[in-house]
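The sequence and structure are shown first, and the individual sites are then taken in turn.

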Amino acid sequence: MKRIWRRTAVGLGVIALVATVFATAGGAGAQRKSPLAGYPRNQTLITSGSQWGNITGTNPWVGGAATGTVGLLYETLLRFDPIKGQYIPWLASNASFVGNKYVINVRPGVKWSNGQAFGAADVAFNLNLARFNTNPWNNLYLNVQRIVPKGNTVTVTFKSTPNYVQWQNMMYNMPMVNPAQARPAITDAAKLTTYSPANPIGTGPYTFDTAGFDPTTRVVYDKNPNWWAAKLGVSPSPKPKYIIDLVNTSNTNSLSAVLAGVEDLNNNYLPGVQSLVNSGKVLTYYKKAPYMLSANTAWLEPNTTHQPLNDPVFRKALATAINVNQIVTQDYGNLVLPASPSGLLPTWSKYIDTSAVKKYGFSYSTAKAVAMLTAAGYKKDSSGYFMNKDGTKINLDLSVPQGWSDWEAARDMIISSAKAAGIQITAKVKDYNTWRDDRNTGNYDLVVDNNYQISDNPWTYWNGIYHLPILTTGTGQTNFNFGRYENQTAWALVQKLDATPPQNTAAIKEINSKLETILMQQLPIIPLWYNGQWAQFVSKYWTNWPSSTSARQYTPVMWNGYLQMTGIDVITHLAPKA
Amino acid sequence: MRGYFLRKLGIYAVTFVVAVTVDWAIPHLMPGNPVLTLVGRIQVQDPRVAQNLYHHYMRAFNLDLPLWKQYWYFWVSLFHGDLGTSILQFPTPVTTIILHALPYTLGLLIPATLLSWYAGNKFGALAARRKTLDNTLLPFGYALTATPYMWLAILLSWVFAVVWHVFPVGFAYDPTATREWSWAFVSSLAYHWFLPFLSLFLVAFGGWAIGMRNLIIYELEADYAHYLEALGAPQRLIRKYAFRNALLPQITGLALTLGAVIAGALVTEIVFSYPGLGYQIYRAITNEDYFVIQGIFLFIIIGVLIANFVVDIVYIIVDPRTRIGMQGSGS
């Protein structure tokens with residue numbers, strides 16, 4: 001018998017060894033020579049919570065690129081601070097409209113990571129990439145007459161009234177790639193979508209670590225020792241020598257990784273994280289509720305082509321029937337804030353017309369919801385539910401992507417509070433793809449959704465809500481107006497806002513106020529709560545995290561679009577733990 | 001003998017064509033359009049751009065063609081060794097994804113399957129002879145094999161990784177490791193490998209042990225065993241024969257398990273965030289990544305067919321009755 005066990009043990013050992021070596025050789029793609037025996041933990045910032053699924057490379061235009069592609073590797077002409085509501089001059093010392101021309105003054109002394117100077121021609125090259133119809137800013141390029149680089153300045157002239165808002169928004173979102181590297185590679189629209197050089201050249205504070213990159217696990221960045229912003233004294237030089245961003249795992253694993261000090265910064269929504277903050281194990285932007293800065297508005301999206309959701313009175317009654325505070329406190333444990341009736345994010349608070357909110361806003365009241373429906377002529381059936389005006393039964397379906405547990409809980413709370421007001425809603429379970437396709441094609445009554453992140457201008461929010469025309473072929477509604485709300489007046493106002501010069505503040509205020517009023521009167525979407533910029537950090541290796549009580553009031557997320565806000569400032573202000 | 005192999009090969013060829021056709025058809029018949037995911041994640045402010053991107057990707061993936069043409073191109077590409085391009089991870093080729101993930105899965109499942117088979121059979125055989133083992137450890141085997149695998153994996157991960165921090169919570173190696181031929185890296189790989197391996201090993205071990213124990217008891221009650229006993233053969237010899245006979249169904253079982261080994265790691269890899277093929281299939285299915293689904297299942301199909309073929313050969317070697325049967329049919 002002993003012999004059997006000895007053989008078993010030997011066999012176990014041998015096979016385990018073979019397996020390990022096998023995995024080493026293939027899966028990990030071992031490099032033969034590396035200057036390091038591992039990235040020293042105390043010089044490395046480890047982040048996670050931005051990358052869903054494999055990392056596809058560093059294409060900055062078409063999504064799915066490595067976290068930090070824009071922000072760490074490639075930079076933008078301006079940045080935008082959503083807390084202060086200000087643009088931050090970056091690769092451009094200034095970029096703004098002068099009359100109906102757009103003038104970009106390139107900052108002298110900016111260098112690419114290969115040491116060459118960054119100049120006006122580089123800016124023009126990147127603006128001109130929008131000529132390809134697969135570029136996200138192609139619609140703006142269609143209105144461009146000329147892009148003229150001269151000295152340190154790039155001047156853009158337009159065929160007709162410029163898209164003032166969209167241009168300004170583009171300035172802090174369009175990445176500047178290296179023309180010497182990109183020009184030979186991007187020769188047509190298709191090649192723009194596949195561009196991902198092995199050793200990308202950027203202007204950013206970090207460079208891409210090709211040896212460390214593992215598409216299923218992580219992206220690694222090495223500090224750019226000659227980063228222009230540190231040399232010019234525009235920004236502190238970041239202390240982490242390496243940044244490693246890990247692909248998302250599960251919520252449990254993420255939480256454990258934060259607590260074990262595997263990750264320094266995590267940007268996943270971790271339910272119940274407030275108890276860890278209260279016990280001092282984890283840090284967040286605010287020490288108390290709501291703990292997080294707001295990132296986007298979660299709303300209930302009614303399909304306005306379906307009866308009775310095509311009736312604004314019914315939508316308003318439905319909005320009044322929903323107990324949002326219950327969702328905020330019980331579902332989210334106060335990790336989120338209830339939304340303003342206008343749905344405008346706190347970053348846009350200066351645009352909120354308080355008198356309009358007072359006049360047209362809504363607040364939770366079951367009795368009021370019942371009274372509104374009764375006054376509008378809706379009658380209840382024998383089971384106590386309201387019926388359509390033509391006497392047919394109302395039973396609305398409400399769906400959220402299956403497995404999004406916080407939204408599933410919110411859905412159930414919406415259903416029960418609507419029930420109290422006599423509105424019958426039934427949960428419909430759909431996996432994400434079905435949910436999305438049904439939403440895009442209008443095959444739903446109600447969905448919970450959140451589409452537009454914080455930005456420099458509420459136009460991005462209005463454009464999403466009121467966009468016309470409604471598309472019924474090809475993609476259906478991909479990014480806009482899923483509720484199929486048709487209001488030509490509102491859509492004209494959105495376009496007018498885009499065509500209003502930024503100096504014309506009175507007109508901008510007025511348009512925003514009108515759009516808010518329409519939203520609150522008509523409720524094409526029913527604002528519910530503000531999702532947070534989920535960010536939890538630990539001070540095991542790095543300190544000086546952003547907080548509401550310090551001077552470091554920055555957006556603490558690595559998500560796409562946030563590093564070029566003030567996410568990069570989070571990194572440049574970190575200090576190694578003493 | 002030649003006729004036997006030709007016949008077998010013919011059956012395998014037909015099976016291959018049918019299986020690959022089903023493999024192609026299932027993802028294509030799934031509801032939903034994966035290109036919308038791709039377009040949806042690009043931040044655009046104008047639907048015209050979204051439409052451009054949509055048409056661009058539909059063309060790039062040949063999804064704008066009629067289904068019969070897509071099917072035809074699929075076979076043409078297959079014979080050129082091209083499994084297509086991932087939709088979700090555009091423009092990564094499917095073969096790159098598979099080759100990257102395959103070693104992790106094989107490194108996990110081959111040892112777990114072989115070791116559990118070997119150890120489980122030995123233990124089962126032993127248990128059949130020893131009352132004490134049969135009464136003490138075997139119930140443990142029953143418990144293991146009856147445990148829902150997912151539950152066991154989550155339990156192990158929770159206890160050892162999340163609560164006690166004895167093992168890491170995910171990935172195939174430490175995030176700060178540099179990938180090189182060094183002791184540090186290899187030990188990091190082994191450290192991350194152990195817990196998913198253990199979970200697979202434990203469940204399979206229980207199954208094999210119980211199977212073998214029951215088979216041995218059955219064989220010891222067979223006529224030939226009693227006959228040998230009556231002839232005065234030593235117990236050891238009888239047990240040896242019983243073990244050999246009992247091993248045959250277990251070999252078939254092993255072959256089938258090995259064939260499906262690639263898909264077997266699905267739950268393990270999700271629970272332990274282990275970047276193998278199972279994890280890739282899961283991601284691909286939830287995102288309707290047609291070509292990755294097809295590519296990975298193609299590997300499984302080929303794996304099962306090869307494993308079956310190997311078993312046919314192994315059977316000829318280990319079971320003399322098969323050889324005699326073939327000679328009989330040949331004469």
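Predicted model: local features only at pLDDT ≥ 70, side-chain atom pairs only at ≥ 80, totals over all residues.

## Positive phi at B:Ser273

Although B:Ser273 is not a glycine, its phi is positive, at about 45 degrees. In chain B, this serine lies in the loop that runs between helix H12 (266-271) and helix H13 (277-286).

## Positive phi at A:Arg484

A positive phi is also found at A:Arg484, a residue other than glycine, where the value is near 55 degrees. The residue belongs to the loop of chain A between helix H16 (459-466) and helix H17 (488-498).

A:Arg484 has 19 C-beta neighbours inside 10 Å and therefore counts as partly exposed.

Most residues other than glycine have a negative phi, and most peptide bonds are trans.

In chain A, the peptide bond joining A:Ala289 and A:Pro290 is cis, with omega about 10 degrees. A:Pro290 sits in the loop between helix H9 (273-278) and strand E12 (294-302) of that chain.

In chain B, a cis peptide bond leads from B:Phe90 to B:Pro91, and its omega is near 5 degrees. The loop that holds B:Pro91 lies between helix H4 (67-79) and helix H5 (94-129) of chain B.

Key
Residues numbered from 1 in each chain as written. Chains lettered and ligands numbered in written order. Helix = DSSP H or I, 4+ residues; strand = E, 2+ residues; numbered from the N terminus. Buried ≥ 20, exposed ≤ 12 C-beta atoms within 10 Å, placed from the backbone.
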